[in-house]
Amino acid sequence: MAVDDSPVTRKMLKKALEPEGFVIVAEAGNGRDAVAAYSQANPDVITMDVTMPIMDGLEAAAAIKKLNPSQKIIMLSAMGDKDIVAEAQSLGISDFCTKPFKPDEIIGKILKVLAEG
Amino acid sequence: MSSTTYIVPFIKAVASVFKDMLGIVVTRGEPVDEGEGFESQGFAVIVGFTGGWRGRFFLDMPPATAIKVAGILTGEEYDSATHEEVLLCGAEIGNVVCGNAITAVNDAYPGLGIRLTPPSVFVGEGFSMFNVRLSSYSVMMQTDAGPLKINVAVEEGKR
């Protein structure tokens, strides 16, 4: 599941992931829509932007973790300072990827969190 | 902190993001004090920030540069800077540049807690922006895709 307010980033994620056999089961452009779509989408992994309108990614990640504490979430953000990374870690976020991302980097992180079970 | 120091992390972020995201080498000039005004080349991405620093970051370029940059990012061809994907690409590049710059500032000066607002894009001929009560600094840059200008207006806010 790809959550990012930039349709360009969602398109780039699709371009990177689909040739590798991944399926993006749902997309959302803000945290509130992500939380609303989450239960039906039932994703293995969520890539989640931080800065988004209406509800930001950290708030959305916290809400999703409340619904399913074992949900794998990778934060994918242009902002990756120590405070944000620490807040993400306190929410039990699986990993953090800073934009601009390389396709191999995000694929590697997804495979890693999936392997962790 | 000297006023021109504010723009340095943005200069570094433009160079690294354009190289990593687009494979474009950026060469730069020196910072120029533009006072409260800022004249656009026709395509301006604006990202606001708030927290320990408050202000705005502008990534400005001619429409032809915006079209080329969007084409490089998506691998598609566009004929107008007002094409939705050109606008979205500009917004995302501006957001990533500003996010990387602010990340460096937050890590260098713990406690600032600066956060971004979502980007806006303006397209048109001969428009000017005014940063009321804020001095701003610009740097002209050159790339293979055409010229770029960044403009940063900052005041130190509450920590």
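The model is predicted: local features need pLDDT of at least 70, side-chain atom pairs count only at pLDDT 80 or more, and totals for chains, interfaces and linings use all residues. Residues are numbered from 1 along each chain as its sequence is written, chains are lettered from A and ligands numbered from 1 in the order in which they are written, and side-chain values use heavy atoms, with hydrogens and water left out.

**The sheet**

Let's start with chain A, where 5 strands form an open sheet in the order β2-β1-β3-β4-β5, with parallel pairing. Here strands (E, at least two residues) and helices (H or I, at least four) are DSSP runs, numbered from the N terminus, and two strands pair if DSSP finds at least two bridges between them. The edges are β2 (27–28) and β5 (95–98) of chain A, each of which pairs on one side only. Strand β4 (residues 72–77) of chain A is joined to β5(A) by 4 bridges. Helix α5 (residues 103–115) of chain A packs on this sheet, touching β3 (45–48), β4 and β5 of chain A, and its direction makes about 175° with that of β5(A). Contact means heavy atoms within 4.5 Å; axes are lines fitted to C-alpha atoms, for helices over the stretch in contact, and angles run from 0 to 180 degrees between N-to-C directions.

On a 1 Å grid over the protein atoms alone, a cavity is a set of points where a 1.4 Å probe fits but cannot get out, while a pocket is an open set with protein on both sides within 12 Å along at least five of seven lines; lining residues have an atom within 4 Å of a point. Grid points are joined across faces, edges and corners, and a volume is the space filled by probe spheres set on the points.

The whole structure holds 3 cavities of 30 Å³ or more.

| Space | Volume |
|---|---|
| Largest cavity | about 50 Å³ |
| Largest pocket | about 260 Å³ |
| Second largest pocket | about 210 Å³ |

Both chains line the largest cavity, with residues including Thr9(A), Phe101(A), Met21(B) and Val96(B). The largest pocket has 17 lining residues, and Met1(A), Phe22(A), Val23(A), Asp44(A) and Val45(A) lie nearest its centre. β3(A) gives the largest share of that lining, 3 residues. Around the second largest pocket we find, among others, Lys15(A), Pro103(A), Asp20(B) and Leu73(B), and α1(A) gives the most to this lining, with 3 residues.
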